[in-house]
Amino acid sequence: MPAFEGINMSWFFFILFAALAVGSAIAMISQKNPVYSAVFLIITFFAVAGCYYLLQAPFLSIVQIIVYAGAIMVLFLFVIMLLNLRKEIRLPLHGPWQVAFAALFAAILLLQLVMFILAAVPTFHSAPGHGALSGGGEPLGLLLFTKYIYPFEIASLVLLVAIIGAVVLGRKKLPKEF
Amino acid sequence: MSVKPVAYQPHWSDRFYLFAVLKGMVITLKHFFKKKYTVQYPEVKWPVPKGHRGAIRLNKDEQGRMLCVACEMCSTACPAKCITMKAAVSPWPDREKYPLTFEINMLRCILCGMCQEACPEKAIELTEIYDFSAYTRQDLIWDRERLLKNYDLTCDGRYFERSREETGL
Amino acid sequence: MFGMDWIDLGILLTKVMLVIAVNFLILMIMELAERRVSAFMQDRVGPNRVGPFGLLQPVADGIKFLFKEEITPSQVERTLYWLAPALVLVPALLTFSVIPFGMSFSAFGREITLQIADLQVGLLFIFALVSLAVYGTVLGGWAANSKYPLLGGLRASSQMISYELSIGMSIIGVLMLVGSLRLSEVVAYQTGSLFTILPRWNIFTQPLGFLIFLIASFAETNRLPFDLPETEPELVGGYHTEYSSMKFAMFFMGEYIALITTSALLTTLFLGGWDVPWVDEAALGSWGVLLSLAAFAVKTGFFLFLFLWVRWTLPRFRFDQLMHLGWKVLLPLAIVNILATGLFLYLAP
């Protein structure tokens, strides 16, 4: 991708993608129908991928689409459709203290988020074109297989254990001659 | 009676399936280039085998006169009761009667050929014409002239060849 | 995208419009070819009445689709029901934007590549789009709110996910050889010759990868023998049972466009793209450009015919057989292929 000539264009797209991401994320949690929630989540992933692309990390952006929008969300949809969930069932509240706790935790989370963003603001301008995540897959791959080789392998081992666990739990007792 | 169930035991080479797939594809490709059996219907008509019982015709003699003597044998023999005729005094000296009107209701006709067998004069016959659909029910009640026209179409036995010559297919 | 002048923009727009127009033209030809090839393989003639050799049959079909009554069943989920056909068609069309379909040449004082966008991550872009193509099918099946489409959508989602894995794994071998995700470099790698006689196409260096990719792409495009999401005998058409008129036609068009792009992708990845074997296109000037275009068309056409050929030869798989093939045969084979390629590269750099 050629370097941005006018910051205006990239600003325009950033605002577009950011608004889309936030808007569809809000839409996702406010939907009653789980399938529509999933669809809005897909749109969120897309918008985030667009933001990655604007940060000159095309590899990351495409992988975001392939892995999250293309694979995980399809599985989500599969499960939703398989269970044939229609409308969300509203559970009754267990008194006012529940609301209070929820509000408290939400406020703490929001505070953390705001603090994090404020702390990160000074580094915003230097984001594009730097770091291992920019460009194609090569720098990312090099990092994963050199510096972060142990976390990487451990993560894959954990996933393997999860897969084996799922297979063991999901296996049916079949008759012997089968 | 003892039946020994034998499960299909594929040879290890069958387990690749690809060779079988390729074999099948060769077969379909061979057919791709083979002669096609489609008959281009309205232009080319499938010639029916001898003895086919199709549309009915009224035969004529060498002088172009109808052979029918209005004896009503055919309408008596007809199991579907689709033949009606009105007899009149023949204008020709060699017979007494001839049909003034002769109608076959092809909506009722079952093309059984009993009329042809009953006719003492060989005046009524079934032909090889099988494509006589019509747009209205009235069009399928055939009068004397329509039946005589069928004779003109089929008397030389070249009904199917002619349709092919006309379209050039 | 930014920093281009009007001529660049004009060239780009021309390329986009040309690609879409040609895609739809081939789509029409495919619609006719499907019927005529199937007829020929069954010793029939097929539709040959509308226009010379029946060439205008697709137009007649299109008009028929346009004038069919548009029925929206009362139980459907409106929004997704209307969106789903477009979700099938758009990703399929987008895929073509990164496929190089001819040699680059210079005109208007600049280099013109016969490729809409040469993305750094072109190959991954295609996989992103392939993985998105399933949404139209799945959401269409769900939105119809009826049992057979739902089953079709379920099948589509599990089938696509299973075969995406094999497809992704099968091209890693190619990536290891080429060392780039850019499709133009994939094509450039395949020019030249192998053992002096063979063209250096990936089909010769990666035969196993090619086979896996080919089989999996049948599943990805919902073609027989893997058209389980729309099996007409058991699911009455599957995910598009409740669709009619132009919306149904869009599902159809999406399927065929996906077929075209998959064929073009197969050509690019394994048959050397626009490369003509044993010929140095660059030395031929503008004839070389035409030759490269023709080569690309012929190779893509071959794959399109192959898709038809296989469809009218093989019977449909059962769903458990499909899953068995995807997970227990193709995926392990793809991993073996990666290991073998790695070993080869390690021993003979």
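**Notes on the predicted three-chain model**

1. Let me start with helix α4 of chain A, which is hardly covered: of its 25 residues, the count of buried ones is 0. Keep in mind that this is a predicted model. The helix covers residues 96–120 and reaches 36 Å from its first C-alpha to its last, close to the 36 Å expected at 1.5 Å a residue.

2. Chain A as a whole has 6 helices and 0 strands, so the pattern along the sequence reads α-α-α-α-α-α. Buried residues account for 19% of its 178 residues. As for how the chain contacts itself, take the contacts between residues at least 6 apart in sequence: 57% of them join residues at least 24 apart.

3. The helix pair to look at in chain A is α2 (residues 34–54) with α3 (residues 58–83). Their axes are 8 Å apart, and the packing angle is about 175 degrees. Angles over 145 degrees count as roughly antiparallel, and α2(A) and α3(A) are therefore roughly antiparallel to each other. On the α2(A) side the contact includes L41(A), I42(A), F45(A), F46(A) and Y53(A), while the α3(A) side includes I65(A), Y68(A), M73(A), F76(A) and L77(A). By residue class, this contact has 20 nonpolar, 2 polar and no charged residues.

4. On to how the chains meet. Of the 2 pairs of chains that touch, chains A and C have the most contacts. Between chain A and chain B there is no contact, and their closest C-alpha atoms lie 13 Å apart. Chain B does touch chain C, with 10 residues from chain B and 11 residues from chain C taking part. The chain B side of that contact divides into 4 nonpolar, 4 polar and 2 charged residues.

5. Chain B has an open sheet of 3 strands, in the order β2-β3-β5, with antiparallel pairing. Strands β2 and β5 of chain B are the edge strands, each pairing on one side only. Strand β2 (residues 83–89) pairs with β3 (residues 97–105) over 7 bridges, and M85(B) has F102(B) as its bridge partner in β3(B).

6. The other pairing in that sheet joins β3(B) to β5 (residues 141–142) of chain B, antiparallel over 2 bridges. Here N105(B) stands opposite I141(B), and I104(B) stands opposite W142(B). Helix α4 of chain B (residues 144–154) lies across β3 and β5, and runs at about 90 degrees to β3(B).

7. Two backbone spots in chain B may be worth a look on screen. E72(B) is not a glycine, yet has a positive phi of about 70 degrees. The residue lies in the loop between β1 and α2 (73–77) of chain B. E72(B) is partly exposed, with 16 other C-beta atoms within 10 Å. The other spot is L111(B), also a residue other than glycine, with a positive phi near 50 degrees. L111(B) is found in the loop between β3 and α3 (114–118) of chain B, and with 14 C-beta neighbours inside 10 Å it counts as partly exposed.

8. Still in chain B, is V39(B) buried or exposed? V39(B) has 12 other C-beta atoms within 10 Å, and the cut-off for exposed is 12 or fewer, so V39(B) is exposed. The residue is found in the loop between α1 (18–32) and β1 (56–58) of chain B. Leaving aside neighbours within four places in sequence, V39(B) is in contact with V44(B) and W46(B).

9. Last, a residue in chain C. L139(C) is in helix α4 (residues 122–143) of that chain. With 28 other C-beta atoms within 10 Å, and 20 or more needed to count as buried, L139(C) is buried. Which residues does L139(C) contact, leaving aside neighbours within four places in sequence? They are L80(C), L83(C), A84(C) and L87(C). Of these, L87(C) is 52 residues away from L139(C) in sequence, while the C-alpha to C-alpha distance between L139(C) and L87(C) is 8.9 Å.

Technical notes
Residues are numbered from 1 along each chain as its sequence is written. Chains are lettered from A and ligands numbered from 1 in the order in which they are written. This is a predicted model: local features need pLDDT of at least 70, side-chain atom pairs count only at pLDDT 80 or more; totals for chains, interfaces and linings use all residues. Two residues are in contact if their C-beta atoms, placed from the backbone, lie within 7 Å. Ala, Val, Leu, Ile, Met, Phe, Trp, Tyr, Cys and Pro count as nonpolar, Asp, Glu, Lys and Arg as charged, and the others, Gly among them, as polar. Helices (H or I, at least four residues) and strands (E, at least two) are DSSP runs, numbered from the N terminus. The expected span of a helix is 1.5 Å times one less than its number of residues. Two strands pair if DSSP finds at least two bridges between them. Axes are lines fitted to C-alpha atoms, for helices over the stretch in contact, and angles run from 0 to 180 degrees between N-to-C directions. Angles under 35 degrees count as roughly parallel, over 145 as roughly antiparallel, 65 to 115 as roughly perpendicular and the rest as oblique.
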